[in-house]
Amino acid sequence: MSPKQKISITVFCLLGSFSIALAFGIVPLTRGISQDAQKLQTQKRTMEIFGKETQGIENFKTFSQEKRQDLQSLELLFVSPETPIPLIEFLEQYAKPLGVDLTIIPGDLKKLAEDFWPSLEFRISSKASYPAAFAFLKAIENAPFALEIKSITMEAERGNRNVDFTFIVKAYTK
């Protein structure tokens, strides 16, 4: 073989080897690198989302710790349906200094469609002077419970400054 043929065969073999290495080595390697880069970008986005969710959870924990006392005070607004003793004690506490002797008749637990919470109705009646009855009504309006005054009935006695009154009060329950 002539040196020119040897050089041509060598160059041809080198080009063939380079082509084979390029086809079977470098091209799949670059494809793999491209796919890995895409996976890395996807994982980075996932980590960003996870970081934002984690931050949101931390913010919620902080917020809930700050508002825990407010939530507990909201819990105290509602009357226990089984034992509405704090509400009755509150009513008696405000009635006693006014000289009002109360008759309190609790009703049944109800859940009306227009209400957000179940409720109990109380029929509160007594006889007192008009200013005392009005002061007691003001105390009910300012009570630390979730209440609604449904009905007010007052009848004046003849020859006397006293009134017979009946209040129907709806107390929302837990």
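Phe90 is buried, as is Phe145; buried denotes under 20% relative accessible area, exposed over 50% and partly exposed in between (1.4 Å probe, protein chains only). The model is predicted: local features need pLDDT of at least 70, side-chain atom pairs count only at pLDDT 80 or more, and totals for chains, interfaces and linings use all residues. Residues are numbered from 1 along each chain as its sequence is written, and side-chain values use heavy atoms, leaving out hydrogens and water.

Eight aromatic pairs were counted. Rings of Phe, Tyr and Trp (its six-membered ring) pair if their centres lie within 6.5 Å; planes under 30 degrees apart are stacked, over 60 edge-to-face, the rest tilted. Phe90 and Phe145 pair edge-to-face, at 5.9 Å centre to centre and 75 degrees between the planes. Phe90 lies in helix 2 and Phe145 in the loop between helix 3 and strand 3 (147-156), so the pair ties together parts 55 residues apart in sequence. Helices (H or I, at least four residues) and strands (E, at least two) are DSSP runs, numbered from the N terminus. Phe78, Trp117 and Tyr172 form one aromatic cluster.

The largest nonpolar core has 23 residues. Such a core joins buried Ala, Val, Leu, Ile, Met, Phe, Trp, Tyr and Cys residues through side-chain atoms within 4.5 Å. Those with the most contacts inside this core are Leu91, Leu102, Ile124, Phe136, Phe165 and Phe167. Helix 2 (85-95), strand 2 (119-129), helix 3 (130-141) and strand 4 (162-172) each supply at least two of its residues. Contact means heavy atoms within 4.5 Å. Beyond four places in sequence, Phe167 touches residues including Phe122, Ile124, Phe136 and Met154.

Leu15 lies in helix 1 (residues 3-75). Leu15 is exposed, with a relative accessible area of 52%.
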